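Thank you all for coming.

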Amino acid sequence: MTLKRIVKLDTGSLSAGSFIDLVYAPEVDLKLKRIEVVETTAGAYSLLFLTFYMGDVPFFFPDVSAALFQPLKPSLIVFDIAHPKGVYLKIRVTNADSAARRLVIHLIYEE
């Protein structure tokens with residue numbers, strides 16, 4: 001498989017105890033291979049949680065730590081999820097930390 005597209009989703013400054021919903025719907029059919037998360041404020045990933053839906057289908061039950069998706073982690077999770085054109089992918093980021101945080105989430109698609 002070859003790289004098709006990388007999509008960047010940014011939470012901006014996410015205050016302590018809050019959440020944000022990030023969405024993306026492609027204009028063509030794609031295949032999601034990886035999710036990589038970068039925490040930009042040099043804090044720990046352990047108190048940042050993600051939910052993930054493709055359309056109405058949940059993939060994380062009920063949520064997972066963002067620590068699972070650190071780009072330098074040796075056991076990075078690989079997906080093989082079809083992402084049809086026009087279908088919304090929704091990621092909710094919840095900050096359970098006591099300080100504001102910012103995540104940059106990269107969706108990596110292959111053909």
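Leaving aside its neighbours within four places in sequence, which residues is Gly86 in contact with? They are Ala25 and Pro26, where contact means heavy atoms within 4.5 Å. Before I go on, please keep in mind that this is a predicted model, in which local features need pLDDT of at least 70 and side-chain atom pairs count only at pLDDT 80 or more, while totals for chains, interfaces and linings use all residues. Residues are numbered from 1 along each chain as its sequence is written, and side-chain values use heavy atoms, with hydrogens and water left out.

Gly86 is partly exposed, at a relative accessible area of 48%; on this scale buried means under 20%, exposed over 50% and partly exposed in between, with a 1.4 Å probe and protein chains only. Although Gly86 and Tyr24 are 62 residues apart in sequence, their C-alpha atoms are 8.8 Å apart in space.

Tyr24 and Tyr109 form a tilted pair, 6.2 Å centre to centre with 45° between the planes, and Tyr24 and Tyr109 are both buried. Elsewhere, Phe52, Phe59, Phe60, Phe69 and Phe79 make up one aromatic cluster, and of these Phe60 and Phe79 are both buried.

Key. Rings of Phe, Tyr and Trp (its six-membered ring) pair if their centres lie within 6.5 Å; planes under 30 degrees apart count as stacked, over 60 as edge-to-face and the rest as tilted.
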